[in-house]
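Hi,

Here is the structure I promised to pass on. Have a look at it first, and then read my notes below.

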Amino acid sequence: MNTAEIQDIIVKTSVAKDLQSIADKVFQEERITCDEALKLYEKADLNFVGLLANFVKTKKFGSSVFFNKNIHVEPSNVCVHKCRFCSYYRESGSQESWEYSIEEIAEQLRTIPAEALTEVHIVGGCHPTRTIDYYCDLLKTVKQVLPHVFIKAFTAVEIEYMAKMNHLSVTEVLTKLKQCGLDAMPGGGAEIFDEKLRAEMCPSKTKSADWLAIHKEAHLLGIQTNATILYGHKETFAQRVDHLNRLRTLQDETHGFNAFIPLKYKKENNVLGIERELPWTEDLRNFSISRLFLDNIPHLKVYWPMLGKDFSQITLDYGVDDFDGTINDSTKIYSMAGSVEKRPILTKEEMIALIKESNKTPVERDTMYSVIKKY
Ligand code: V47
Ligand code: SF4
C-alpha cells in the first residue's frame with residue numbers, strides 16, 4: 001500500500017484527529033515525540049499502529065526479512081545476581097546448574113558443520129569465580145574451532161561484572177575481549193531503565209546509566225551492539241516510552257545499535273509473581289510502536305524461540321524485519337521461563353520457508369547485517 005492509500009484508510013476509519021496527526025508525521029518521516037508514543041500506547045488500536053509500522057518497515061527494507069545461522073552458547077547459569085524475573089540462575093552445585101569448561105563447549109561446536117553457522121552468540125550468568133581469562137580463552141577457542149564465525153557475546157551486565165571482579169575498567173575489559181575475538185555484543189540486561197522499577201525487579205544488576213555507558217563505550221571502540229526491553233510485567237506505558245527514549249538518545253550520539261529486540265516477560269519458574277502474561281495483541285502493538293519510535297535503530301528483531309514460530313510470522317506485518325537465527329536448540333534461558341518453543345531449532349530451509357509463507361523475501365545476513373544471500 002502506498003502513502004495515499006493508507007492515509008485514505010485512516011481518514012475513512014475515523015481515526016481520532018490527534019492520532020491522524022501522528023500518522024502524518026510518520027508519512028513525512030518526522031520523528032514522533034515521547035508524548036506521541038505514549039498516546040499510541042494509550043489510545044491507538046492494533047490495526048492503526050500496525051499499518052504505520054508496516055509502512056515504515058517496508059519503506060526501509062521492502063519485503064526483505066533478515067535471518068542468520070547462529071547458535072547460542074550458555075557457558076553457565078550460575079549467577080551472582082538474582083533477578084526476580086529470571087527463571088534461569090542456579091547456585092553452583094545445584095542439580096539444575098551447569099558450568100561448562102571451555103573444552104566442553106569446544107566439543108559441542110566441533111559437532112556442527114562449518115557451513116551451518118555464521119554466528120556464535122554467547123551469554124550466561126555472572127559466575128562468582130570465573131575470571132576474565134576464562135572468557136578470553138573461550139573467545140579464542142571459538143575462533144580456533146570456527147574461524148569464519150562472528151562472535152556476539154556478553155551482555156553489559158557480564159561486562160560490568162568482569163570489570164569489577166578483575167579490577168579493570170570497562171574500556172580495558174572490552175579492549176581485551178575484542179583482541180580475543182569479540183565482534184559484537186547482544187542486547188540483554190537492559191530490562192527496564194526506570195530506576196525505581198529496576199531496583200524492584202533486579203536490585204543488584206547493572207544500573208540503567210551504566211548499561212547505557214557500557215554500550216556507548218562498546219560503540220566508541222567499534223563494537224556494534226543490540227538493545228532489548230523486558231516488557232509485560234509491572235511496567236507502565238510511560239516507563240516503556242522512557243526506555244525507548246533513552247535508547248534513541250544514545251543511538252543519535254553513537255549509531256552503534258544494530259537491532260532492538262522486545263523480550264516478552266514469561267512467567268514460569270520465577271519469583272516475580274505475575275499471573276497473566278500479556279495477550280498477543282499487546283505484543284504486536286509493542287513491536288509496532290517500537291518500530292515507529294526508534295527511527296534510528298535499523299532493525300527490529302523477533303526472538304522466535306520465546307514467542308513461537310507461528311506468532312513470530314505475524315510480527316513480520318507489524319514492523320519486524322529480522323527473524324533472528326536458526327538457534328540450533330542451544331538456549332535454555334527461555335525454555336526455563338516458559339517459552340513457546342521448548343526445543344528451538346530451525347534449519348536454514350525451514351527458516352526460509354517460514355518467511356516465504358508470510359509473503360516476505362528471506363535474506364540471509366551475517367552479524368553485522370551484511371547480506372549473504374537473498375532467497
Ligand atoms: O536480559 C530473563 C531476558 C535476556 C526472562 O541481542 C527474560 O541478539 C522473558 O538479551 N521472561 C537475555 N525474558 C536474552 C537476550 C537476547 C536474546 C536473544 C537475542 C539477543 C540479541 C539477546 O533474557 C535478559 C532478560 O531480559 N529474560 N528472564 C523471563 N522470565
Ligand atoms: Fe543472572 Fe541474567 Fe538471570 Fe539476572 S537475568 S539472575 S543477571 S542470569
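Let's start with ligand 2: the residues of its shell split into 6 nonpolar, 1 polar and 1 charged. The residues in question are C79, H81, C83, F85, C86, Y88, Y89 and K205. Keep in mind as you read that this is a predicted model.

Next, the inside of the protein. The largest nonpolar core holds 104 residues, and L40, F48, I122, F154 and L177 have the most contacts inside it. Helix α6, which covers residues 132–145, gives the most to this core, with 7 residues. Domain 1 (3–59) and domain 2 (66–374) both give residues to the core, so it lies between them.

Leaving out residues up to four places away in sequence, L40 touches L19, I22, I32, F48, V49, R285, I289 and L292. One of these, F48, is also among the residues with the most contacts inside the core.

Most residues other than glycine have a negative phi. H255, however, has a positive phi, near 55°. You'll find H255 in the loop between α11 (237–254) and β7 (257–264), and it is exposed, with a relative accessible area of 55%.

The other one is N269, where phi is also positive, near 60°. N269 sits in the loop between β7 and α12 (280–293). Is N269 buried or exposed? N269 is exposed, with a relative accessible area of 57%.

Cheers

Note on methods
Residues numbered from 1 in each chain as written. Chains lettered and ligands numbered in written order. Predicted model: local features only at pLDDT ≥ 70, side-chain atom pairs only at ≥ 80, totals over all residues. Heavy atoms only, no water. Core = buried A, V, L, I, M, F, W, Y, C linked by side-chain atoms within 4.5 Å. Buried < 20%, exposed > 50% of the residue type's maximum accessible area, 1.4 Å probe, protein only. Helix = DSSP H or I, 4+ residues; strand = E, 2+ residues; numbered from the N terminus. Domains from an automatic or database assignment. Contact = heavy atoms within 4.5 Å. Near = heavy atom within 4 Å. Nonpolar A, V, L, I, M, F, W, Y, C, P; charged D, E, K, R; others polar.
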